[in-house]
Amino acid sequence: MKIEILLFAGLREIEGTDQIAIEAPSGIKFADLRLLISGQHPRLRYLLEASRFAAGNCMVGEEQLVDAADRIAIIPPVSGG
Amino acid sequence: LSWPEELILIELVDTRIQIEPLIRAASRPAAGAVVAFVGVTREFTGTKQTVELRYESYRELALARLAQLETSARERWSLVECIVVHRLGHVPVGEASVAVVVSSAHRQVAFEAAGWLIDTLKRDVPIWKQEHFADGSREWIHPGTSSKAGLTAD
């Protein structure tokens with residue numbers, strides 16, 4: 001399945017785009033998705049390690065299954081305020 | 001005068017934050033205290049001189065998280081009004097990036113709730129700032145990470 005992933009702030013700047021697409025087997029966990037992104041987009045690796053994933057309007061854990069129909073995003077450490 | 005039962009005001013704006021209308025909105029008959037926290041762009045961090053900050057958000061998630069913060073604050077404290085406004089885009093030195101305005105019957109509750117709201121916003125809500133320095137460099141701020149990760153652009 002093709003998973004589209006939103007990028008923000010430093011991640012977006014490093015990659016030069018606000019969205020990447022990852023081809024992945026269905027039934028993978030977010031922990032697996034993290035490894036795939038890390039392998040295919042090595043420049044994101046450092047900041048990705050400090051980031052979490054969101055699916056829809058929820059933060060998700062590493063063991064949760066990825067649903068490509070969700071709005072998936074990588075959330076790097078935040079700095080609002 | 002008639003007062004709405006409960007005014008919910010959570011906003012992400014692209015223009016200057018006007019504090020006065022927020023304080024007026026929070027000043028209700030049941031409130032004996034209105035506490036306003038306003039975060040502004042600071043010129044110096046150590047020796048580095050900032051010209052402006054640029055904010056971006058993940059709008060849908062940020063609004064959802066802010067609404068959850070308001071719900072949590074209202075569960076924890078007895079609040080009359082609870083207003084959070086964050087500005088996005090360019091925020092020059094001296095201008096407000098965020099306002100938290102809370103009213104309650106007594107001041108202790110309003111101080112505690114306002115403090116908790118801004119602390120939790122800074123830790124949890126998907127909004128990011130990029131420092132634009134006087135020397136022309138800029139840097140996305142991701143607490144706990146080093147800017148050596150290719151985030152610094154001259």
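Reader: How exposed is Asp124(B)?

Author: Asp124(B), at 24% relative accessibility, counts as partly exposed. The model is predicted, so local features need pLDDT of at least 70 and side-chain atom pairs count only at pLDDT 80 or more, while totals for chains, interfaces and linings use all residues. Residues are numbered from 1 along each chain as its sequence is written, chains are lettered from A and ligands numbered from 1 in the order in which they are written, and side-chain values use heavy atoms, with hydrogens and water left out.

Reader: Which residue forms a salt bridge with Asp124(B)?

Author: Side chains of opposite charge can pair when their charged atoms come close. The rule for a salt bridge asks for a side-chain nitrogen of Lys or Arg within 4 Å of a carboxyl oxygen of Asp or Glu. Here the partner is Arg65(B), with the closest N and O atoms 2.8 Å apart. The pair links distant parts of the chain, since Arg65(B) lies in helix H2 of chain B and Asp124(B) in helix H3 of chain B, 59 residues apart. Helices (H or I, at least four residues) and strands (E, at least two) are DSSP runs, numbered from the N terminus. Arg65(B) is buried, with a relative accessible area of 16%.

Reader: Where in chain A do Arg43(A) and Glu15(A) lie?

Author: Arg43(A) is in the loop between helix H2 (30-40) and helix H3 (45-49) of chain A, and Glu15(A) is in helix H1 (residues 9-15), 28 residues apart. Their side chains meet in a salt bridge of 3.9 Å, N to O. Arg43(A) is exposed, at 54%, whereas Glu15(A) is buried, at 18%.

Reader: How many residues does each chain bring to the contact, and what area is buried?

Author: Contact means heavy atoms within 4.5 Å; by this rule, 32 residues come from chain B and 24 residues from chain A. Buried area is the accessible area (1.4 Å probe) that two parts lose on being put together, summed over both. Chain B and chain A bury about 2,300 Å² between them, 57% of it on carbon and sulfur atoms. In chain B, Tyr58(B), Leu61(B) and Trp128(B) lose the most area to chain A, together 26% of what that side buries.

Reader: What confidence scores does the model carry?

Author: The model scores ipTM 0.96 and pTM 0.93. For pLDDT, the predictor's confidence in each residue from 0 to 100, chain B averages 92, and 90% of the residues score at least 70.

Conventions:
Buried < 20%, exposed > 50% of the residue type's maximum accessible area, 1.4 Å probe, protein only.
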